[in-house]
Amino acid sequence: MGAGAAVATGNLAYSHVLDPNRKWYNNKRIILLNAWIVLLLITSSTNGYDGSMMNGLQSLSQWESFFNNPHGGTLGLFNAIQNIGSLAAYPFAPYLSDGIGRRRTIILGATIMCIATILQTAAQNFGMFIGARFLIGFGLTFAANAAPMLVTELSYPIYRAPLTSVYNSLWYSGAIIAAWTTFGTFKISSTWAWRVPSALQGLPSVLQITLIWWCPESPRWLVSKGREAEAEQILAYYHADGNAQDPLIRYELDEIKAALEFDRNVADNVSWKSLISTPGNRKRMRIIIAIAFFSQWSGNGLVSYYLNKVFDGIGITNPTTQLLINGILQIWNLGWALMASFLVDRIGRRVLFITSGIGMTVMYTLQTALAGHFQKTGNPASAHGVIAFIFLYYAAYDLAFTPLIVTYTLEILPYNLRAKGFNVFNFCISLSLIFNQYANPIALDAIQWKYYVVYCCWLVAETVFCYFFVVETKNRSLEETAALFDGDDAVETIAGHHVVAEAEKGSLEK
């Protein structure tokens with residue numbers, strides 16, 4: 001959060017109502033608000049922990065022997081079952097987030113994940129382990145649907161984009177803990193070598209269940225339920241030191257009400273059909289679905305879940321070396337993703353997406369060439385080059401496809417479609433992951449390094465798509481950003497509502 005203060009505010013639409021002296025580091029209530037947001041952000045850590053843990057477990061002989069050396073489709077099921085559990089929860093997640101609220105939905109998801117983690121840790125056979133991982137995916141879907149929405153709807157305006165970008169970046173914080181936990185436990189000769197990492201997966205959920213009762217609810221959700229007074233109280237307390245008449249609070253409330261009114265009465269954005277019923281919504285969904293698949297089909301799925309197979313293909317077979325490189329890679333990723341999170345309002349979304357696409361294409365192509373060279377010559381220098389380009393590839397990936405995919409999805413969706421649209425985004429990610437987790441080990445076994453060529457071609461297509469379709473959204477409020485896709489009239493209606501409200505208020509006072 002330290003870089004939050006560096007976000008430029010001079011060209012923000014609402015800069016005229018911001019108190020220039022109210023910063024993240026000198027205002028106690030913004031500090032408290034950001035502490036609550038950190039509690040929400042760690043939801044992403046659970047997901048990152050899972051991917052890295054499964055990567056690490058595959059390098060543990062204790063885990064492999066306990067489950068009879070899974071490979072091919074069986075190994076794919078071990079990894080994919082969590083996302084199959086997610087698929088089962090998707091029909092319910094948006095209705096819970098919109099119905100009982102963001103906070104209660106997170107509590108429900110965290111509770112399910114705690115139960116599932118206990119079952120996973122105590123697993124006595126293949127079926128019990130698979131069942132537990134299904135439940136982890138099921139519970140995670142509820143928490144992962146609600147938590148980032150609560151972050152983006154609760155944040156102090158100038159820190160909204162960086163903090164929401166940090167959400168997905170913290171995937172790597174969980175990955176780091178899992179990578180180094182499996183590195184630390186692989187010398188344990190018993191099954192506790194994999195049971196300890198399994199148990200620690202529940203830690204973020206335990207923290208959330210313990211503390212989230214005191215976390216504020218989304219002001220936008222409260223207004224949508226007719227509880228405007230509660231929304232005003234939360235916004236005033238955390239955004240304006242308790243002053244409900246602060247210009248920022250009046251501006252935020254007016255915009256929220258105007259956006260909700262526009263969605264209900266003008267754009268008719270309420271049902272699932274609304275996701276594709278207007279040109280603006282079709283444009284939104286085209287981008288959202290594309291970046292969801294891009295985030296998993298950029299070649300990163302190979303390293304995220306099958307790093308040991310990638311290393312085996314270049315002659316690095318020592319489990320200690322594999323686990324060590326995996327641990328260092330996660331720290332590298334977290335650093336790049338956090339840096340990019342605090343650049344989203346400076347550089348802009350469009351530039352970061354395009355730069356990321358170009359960088360990934362170049363680095364992955366070079367990685368592929370060196371992997372092929374190693375297969376033909378066995379030259380250790382080629383293997384070392386592959387490792388170097390894996391790190392450089394991830395630096396490019398982390399510029400946009402770690403921090404921005406959640407931020408961009410949430411901010412371009414209007415409130416009444418946010419839960420449903422975000423659910424579609426997560427659904428597409430699960431579909432892409434299931435495909436990856438089944439197809440990747442089979443393809444790697446069959447054609448080895450030549451499989452990388454498929455991703456090289458796909459990365460070119462991704463970059464072209466980002467150039468033609470990604471719209472710049474930096475330095476706008478949440479409501480104004482969502483309205484960009486509905487034409488100039490929508491932007492003017494929502495942005496101008498505050499002016500009208502103030503004029504009406506002034507005439508009443510006279």
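These questions and answers walk through a predicted model, helix by helix.

Visitor: How many residues does helix α1 have, and how far does α1 reach from its first C-alpha to its last?
Guide: Helix α1 covers residues 28-41. The expected span, at 1.5 Å a residue, is 20 Å, and the helix comes close to that.

Visitor: Which residues of α1 are buried?
Guide: Buried means under 20% relative accessible area. In α1 the buried residues are I30, L33, N34, W36, I37, L39, L40 and L41.

Visitor: What covers the buried residues of α1?
Guide: Several helices take part. Among them are α2 (43-57), α6 (102-121) and α7 (126-154). The cover also includes α8, α11 (203-211) and α13 (228-239).

Visitor: Is G51 buried or exposed?
Guide: G51 lies in helix α2. Its relative accessible area is 0%. The limit for buried is under 20%, so G51 is buried.

Visitor: How far apart in space are G51 and A175?
Guide: Along the sequence, 124 residues separate G51 and A175. In space, C-alpha to C-alpha, the separation is 6.9 Å.

Visitor: Is S205 buried or exposed, and which residues does S205 touch?
Guide: S205 sits in helix α11. At 1% relative accessibility, S205 is buried. Leaving out residues up to four places away in sequence, S205 touches T46, A110, M113 and C114.

Visitor: Are α7 and α8 roughly parallel or roughly antiparallel?
Guide: The axes of α7 and α8 are 8 Å apart, and the packing angle is about 160 degrees. Angles over 145 degrees count as roughly antiparallel. So α7 is to α8 roughly antiparallel.

Visitor: Which residues make the contact of α7 with α8, and how do they divide by class?
Guide: From α7 come A144, A147, P148, V151 and T152. From α8 come R160, L163, T164 and Y167. By class, the contact of α7 with α8 has six nonpolar, two polar and one charged residues.

Visitor: Are α8 and α17 roughly parallel or roughly antiparallel?
Guide: Helix α8 spans residues 160-169, and helix α17 spans residues 319-341. Their axes come within 8 Å and cross at roughly 165 degrees. An angle over 145 degrees counts as roughly antiparallel, so α8 is to α17 roughly antiparallel.

Visitor: Which residues of α8 and α17 meet, and how does the contact divide by class?
Guide: P162, S165, V166 and S169 in α8 meet L334, A337, L338 and S341 in α17. By class, that contact has five nonpolar, three polar and no charged residues.

Visitor: Is the crossing of α18 and α22 left-handed or right-handed?
Guide: Helix α22 covers residues 452-469. The axes of α18 and α22 come within 9 Å and cross at roughly 165 degrees. That angle makes α18 roughly antiparallel to α22. As for handedness, α18 passes α22 in a crossing that is left-handed.

Visitor: How do the residues of the contact of α18 with α22 divide?
Guide: The contact on the α18 side includes R350, F353 and I354. The α22 side includes Y452, V453 and E462. The residues of the contact divide into 14 nonpolar, six polar and two charged.

Visitor: What follows α18, and what is its phi?
Guide: Helix α18 covers residues 349-377 and reaches 42 Å from its first C-alpha to its last. The residue that follows is G378, with a positive phi near 70 degrees.

Visitor: Which residues is I287 in contact with?
Guide: I287 is in helix α15 (residues 279-296). Its relative accessible area is 0%, and I287 is buried. I287 and F465 are 178 residues apart along the chain, with C-alpha atoms separated by 8.9 Å. Beyond neighbours within four places in sequence, the contacts of I287 are Y408, F465, F469 and F485.

Visitor: Where is N69, and what is its phi?
Guide: N69 is in the loop between α3 (61-66) and α4 (72-89). N69 is partly exposed, at 47% relative accessible area. Most residues other than glycine have a negative phi. N69 is not a glycine, yet its phi is positive, about 50 degrees.

Methods:
Residues are numbered from 1 along each chain as its sequence is written. This is a predicted model: local features need pLDDT of at least 70, side-chain atom pairs count only at pLDDT 80 or more; totals for chains, interfaces and linings use all residues. Side-chain values use heavy atoms; hydrogens and water are left out. Axes are lines fitted to C-alpha atoms, for helices over the stretch in contact, and angles run from 0 to 180 degrees between N-to-C directions. Helices (H or I, at least four residues) and strands (E, at least two) are DSSP runs, numbered from the N terminus. Angles under 35 degrees count as roughly parallel, over 145 as roughly antiparallel, 65 to 115 as roughly perpendicular and the rest as oblique. Contact means heavy atoms within 4.5 Å. Ala, Val, Leu, Ile, Met, Phe, Trp, Tyr, Cys and Pro count as nonpolar, Asp, Glu, Lys and Arg as charged, and the others, Gly among them, as polar. The expected span of a helix is 1.5 Å times one less than its number of residues. Buried means under 20% relative accessible area, exposed over 50%, partly exposed in between (1.4 Å probe, protein chains only). A crossing is left-handed if the near helix is turned anticlockwise from the far one by less than a right angle, and right-handed if clockwise.
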